[in-house]
There are 2 protein chains.
Amino acid sequence: MPAPIEFYFDFSSPYGYIASTQIESIAAKHGRSVDWHPVLLGAVFRLTGGVPLASIPLKGEYSARDMARCARLLGVPFQLPSKFPIATQAAARLTVWAQQRNVDAAKTLASALYRAYFVENGDISNPEVCADIAGVCGHDPAQALAAMNDPAIKDRLRQAMDAAIARKVFGSPYFIVDGEPFWGADRLDHVDRWLATGGW
Amino acid sequence: MPAPIEFYFDFSSPYGYIASTQIESIAAKHGRSVDWHPVLLGAVFRLTGGVPLASIPLKGEYSARDMARCARLLGVPFQLPSKFPIATQAAARLTVWAQQRNVDAAKTLASALYRAYFVENGDISNPEVCADIAGVCGHDPAQALAAMNDPAIKDRLRQAMDAAIARKVFGSPYFIVDGEPFWGADRLDHVDRWLATGGW
């Protein structure tokens, strides 16, 4: 059984959202599964000195154009949210909670959270908004809301973040394929080719 | 006559080097020419707060791996120089000087400078090394050496930098195709497609 593809993403990352719409079909083509790892880039940036794209002069402006262009090329609906970037603790904790219950249902929920933010301009930094989305995905909204405040869930996310940093994850999306790291939605073609060829 | 593709690059940029080996053939496929614009990213970074890739924790290490991987995929010879990054005033000034004499010969020279640095580990921050390379490319080495100290050439590069910043160039490689900006060697496929389709 080949190892799953590790897919690290921050819910505030437009390129993470774009990648989330592509990675499962790329993996399936090669008989692989995908482990989804929500991460908090803010915590990573404190270590690496990184800053949110949108805040960088010139690069921020360019990136807004590039994100939309990349999404159009792939036929992925996309709209830069009016509040961007946002804190993503709530969405990440909710996903971690859902993963403990059912991994596939958690992917559905994570995709719904991403869509709510990058298509419908929903503010997923707000736990109540997240709980509503969980409700639409078949979870109990009250349980979902409680989960985002559960110290055990917070702890689990913290451990997952430590593990991600130990794996040298510094951006979103970030993939690890059989030990080989790939950063960025623009490396999806490399991921695809690596899976097909075993590397070059 | 369609507008030339604007190609901005810093001589210390590995992805700029990789792009320099590809952009002419992409342009030719679509009946386009390419204007080569050497830029000094250091000057841009002072405006944008950017830092050299190699100096960023985790990202620097990843990037070294990614550069080599991208080059291998394209069949482009590449070796991360032992001195990296470097100041690129000398190489940029020499290129500007050569452009005043003959644009095509200047592309040959720029490619030779890039190859010297990223294939042969030559220190092109050193004007004498640059002058030797100019000599191999059929220029007079003494004239080349003088050009790199010529206040008129320095001024011309400064003006070119101001123009690049006015065009919002913030990285290397950076392309402008019929007004549309593209940043990164990983956008060469977008440049190609944009030229083919007129945009999407």
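Me: Where in chain B does B:Pro85 lie?
Reply: In this predicted model, B:Pro85 belongs to the loop between H4 and helix H5 (89-101) of chain B, where helices (H or I, at least four residues) and strands (E, at least two) are DSSP runs numbered from the N terminus. Local features need pLDDT of at least 70, side-chain atom pairs count only at pLDDT 80 or more, and totals for chains, interfaces and linings use all residues of the predicted model. Residues are numbered from 1 along each chain as its sequence is written, chains are lettered from A and ligands numbered from 1 in the order in which they are written, and side-chain values use heavy atoms, with hydrogens and water left out.

Me: Which kind of peptide bond joins B:Phe84 and B:Pro85, cis or trans?
Reply: Most peptide bonds are trans. The bond between B:Phe84 and B:Pro85, however, is cis, with omega at about -10°. A cis bond also runs from B:Ser172 to B:Pro173, where omega is near -5°, and B:Pro173 sits in the loop between helix H9 (151-166) and strand S3 (174-177) of chain B.

Me: What is the phi of B:Leu58, and what is that of B:Asn121?
Reply: Most residues other than glycine have a negative phi. B:Leu58 is not a glycine, yet its phi is positive at about 65°; this residue is in the loop between helix H3 (41-48) and H4 of chain B and, with a relative accessible area of 22%, is partly exposed, given that buried means under 20%, exposed over 50%, and partly exposed in between (1.4 Å probe, protein chains only). B:Asn121, another residue other than glycine, has a positive phi near 60°, is found in the loop between H6 and helix H7 (127-136) of chain B, and is partly exposed at 32%.

Me: Which residues does B:Ala116 touch, apart from those up to four places away in sequence?
Reply: With those set aside, B:Ala116 is in contact (heavy atoms within 4.5 Å) with B:Asn121, B:Gly122, B:Ile124 and B:Ile133. B:Ala116 has its place in helix H6 (residues 103-118) of chain B, and it is buried because its relative accessible area is 6%. The C-alpha atoms of B:Ala116 and B:Lys83 are separated by 13 Å, the two residues being 33 apart along the chain.

Me: Is A:Ala164 buried or exposed?
Reply: A:Ala164, in helix H9 (residues 151-166) of chain A, counts as buried because its relative accessibility is 2%. Leaving aside neighbours within four places in sequence, A:Ala164 is in contact with A:Tyr8, A:Val39 and A:Val169, while A:Pro38, 126 residues away in sequence, is 9.5 Å away in space, C-alpha to C-alpha.

Me: How many disulfides are there over all chains?
Reply: A disulfide is a covalent bond between the sulfur atoms of two cysteines. With a pair of cysteine sulfur atoms within 2.5 Å as the rule, the count over all chains is zero. The sulfur of A:Cys137 is too far for a bond because the closest cysteine sulfur, in A:Cys130, is 11 Å away. Likewise, the sulfur of B:Cys130 has its closest cysteine sulfur in B:Cys137, at 11 Å, and therefore too far for a bond. A:Cys137 is partly exposed at 28% relative accessibility, whereas B:Cys130 is buried at 0%.

Me: Which residues are closest to the centre of the second largest pocket?
Reply: A pocket is an open set of points on a 1 Å grid over the protein atoms alone, where a 1.4 Å probe fits, with protein on both sides within 12 Å along at least five of seven lines; lining residues have an atom within 4 Å of a point. The second largest pocket has a volume of about 820 Å³, and of its 29 lining residues the closest to the centre are A:Asp186, A:Asp189, B:Asp186, B:Asp189 and B:His190. H10(B) gives the most to this lining, with five residues. B:His190 is in helix H10 of chain B, is buried at 8% relative accessibility, and has contacts that include A:Arg69, A:Cys70 and B:Trp200.

Conventions
Grid points are joined across faces, edges and corners, and a volume is the space filled by probe spheres set on the points.
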